[in-house]
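Thanks for coming, everyone. I have one structure to show you today. Please take a moment to look at it before I start.

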Amino acid sequence: MKGLFKSKPRTPADIVRHTRELLIYVDLNSNSRDTKREEKMAELCKNIRELKSVLYGNSESEPVAEACAQLTQEFFRENTLRLLIVCLPKLNLEARKDATQVVANLQRQQVHSRLIASDYLEANKDLLDLLISGYEDMDIALHYGAMLRECIRHQSIARYVLESEHMKKFFDYIQLPNFDIASDASATFKELLTRHKSTVAEFLARNYDWFFTEFNSRLLSSPNYITRRQAIKLLGDMLLDRSNSAVMIRYVSSKDNLMILMNLLRESSKNIQIEAFHVFKLFAANQNKPLEITSILVTNKDKLLRFLKDFKIDKEDEQFEADKAQVVKEIQALKKENTS
């Protein structure tokens with residue numbers, strides 16, 4: 001008989017509404033440890049898992065577009081995203097992981113051809129402040145970091161973070177003693193500085209002085225090998241990007257920058273040497289070198305040519321060899337110009 005009175009299955013919108021009610025309850029009763037709260041918490045964790053299952057599908061079925069659209073619309077109709085982010089520290093580890101995946105997926109869901117997550121975040125930018133400050137809390141740093149990287153897929157949101165005071169904090173976060181959190185912050189920093197080309201070019205042009213002062217002194221000159229290695233790779237990615245050509249010319253016209261790069265070429269790590277070479281070649285290839293750059297290169301000409309003669313990489317790479325030959329040619333030519 002029992003089977004005749006089965007309740008009809010909940011729609012995705014129902015699950016979101018119920019999740020919202022549970023989040024509000026948990027938020028208001030965060031200090032309570034009674035049985036009712038424990039039951040609500042268990043229900044909440046189950047709901048978040050269900051939301052994830054709708055968005056990602058499960059072992060038996062693929063996600064259904066209509067169900068995903070329903071869920072997304074209801075999620076952003078009221079403040080469920082805000083509640084989920086705010087309540088994340090109160091959830092258990094499994095629920096935090098599920099919630100992170102839900103938030104990540106929602107950034108990509110289109111409703112009537114619009115990414116409504118982007119519109120919601122535009123109107124609730126303080127949520128980005130909250131996610132970034134998560135790097136200061138070991139328990140939630142990796143979850144908030146993963147959410148943040150998905151949110152900055154939206155160009156307007158990346159612009160907000162780039163132009164905020166938070167950018168300066170990344171120089172601290174990247175060097176946190178916890179390796180996993182530092183690596184996560186580094187991944188977010190890289191995403192901010194490489195994903196949206198035009199926005200990044202604007203940011204670097206407007207903030208050139210403070211940004212590269214920090215970048216050179218704190219990252220490229222860091223005592224930490226991993227920090228130096230990631231920073232020199234990122235610098236190459238930024239300067240070699242065509243949209244940053246004006247910034248690149250400015251960077252390679254500074255003798256202080258050249259001295260840092262020449263020091264990195266002398267590192268014992270082959271990985272750092274190779275990444276440093278990719279930036280150094282821009283100094284050598286600049287056809288309008290300032291006199292002080294030319295002077296340093298001429299003074300160090302013999303050392304540089306000796307270094308480049310023995311400078312090899314493990315696997316054959318025609319592009320690397322061609323670049324190296326070009327740099328050698330440029331440096332050899334400098335001496336003639338200087339003495340003629």
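Predicted model: local features only at pLDDT ≥ 70, side-chain atom pairs only at ≥ 80, totals over all residues.

Let's begin with the fold. The protein has 20 helices and two strands.

Next, burial and contacts. Of the 340 residues, 48% are buried. Take contacts between residues at least 6 apart in sequence: 69% of them join residues at least 24 apart. The accessible surface is about 17800 Å². Carbon and sulfur atoms account for 50% of that surface.

Now the charges. There are 51 positive side chains and 48 negative ones. The centres of these two sets lie 2 Å apart.

How many salt bridges does a search of the whole structure find? It finds 29. I'll walk you through three of them.

Start with aspartate 14 and arginine 17. Their closest N and O atoms are 3.0 Å apart. Both residues sit in helix α1, which covers residues 12-28. Why are they about one helical turn apart? Because they are three residues apart in that helix. Aspartate 14 is partly exposed, at 27% relative accessibility. Arginine 17 is partly exposed as well, at 33%.

The second pair is aspartate 172 and arginine 218. Here the closest N and O atoms of the salt bridge are 2.6 Å apart. Aspartate 172 is in helix α10, residues 166-173, and arginine 218 is in helix α13, residues 208-220. So this pair ties together parts that are 46 residues apart in sequence. How open are the two partners? Aspartate 172 has a relative accessible area of 40%, so it is partly exposed. Arginine 218 is at 27% and is also partly exposed.

Lysine 281 belongs to helix α17, residues 270-285, while aspartate 323 belongs to helix α20, residues 318-339. So the pair ties together parts 42 residues apart in sequence.

Some salt bridges share partners. They join Asp14, Arg17, Arg20, Glu74, Arg77 and Glu78 into one network.

Let's move to the strands. Strand β1 covers residues 110-111, and valine 111 lies in it. Valine 111 is buried, with a relative accessible area of 6%. What does valine 111 touch, leaving aside its neighbours within four places in sequence? It is in contact with Ala69, Thr72, Gln73 and Ile116. For a sense of scale, look from valine 111 to serine 217. They are 106 residues apart in sequence, and their C-alpha atoms are 45 Å apart in space.

Now step along to the loop between β1 and β2. Histidine 112 lies in this loop, and β2 is residues 114-115. Serine 113 is found in the loop too. Here is some background: most residues other than glycine have a negative phi. Histidine 112 is not a glycine, yet it has a positive phi of about 50 degrees. Serine 113 is not a glycine either, and its phi is positive at about 65 degrees. Histidine 112 is exposed, at 70% relative accessibility. Serine 113 is exposed as well, with a relative accessible area of 65%.

You'll find it in helix α14, residues 225-239. At 34% relative accessibility, lysine 233 is partly exposed. Now find isoleucine 157. It is 76 residues from lysine 233 along the chain, and their C-alpha atoms are separated by 25 Å.

To recap: the protein has 20 helices and two strands, and a search of the whole structure finds 29 salt bridges. Thank you. I'm happy to take questions.

How values were computed
Residues numbered from 1 in each chain as written. Heavy atoms only, no water. Salt bridge = Lys/Arg side-chain N within 4 Å of Asp/Glu carboxyl O. Helix = DSSP H or I, 4+ residues; strand = E, 2+ residues; numbered from the N terminus. Buried < 20%, exposed > 50% of the residue type's maximum accessible area, 1.4 Å probe, protein only. Contact = heavy atoms within 4.5 Å. Areas by Shrake-Rupley, 256 points an atom, 1.4 Å probe, with all protein chains shown as cover. Lys, Arg positive; Asp, Glu negative; His and termini not counted. Charge placed at Lys NZ, Arg CZ, Asp CG, Glu CD.
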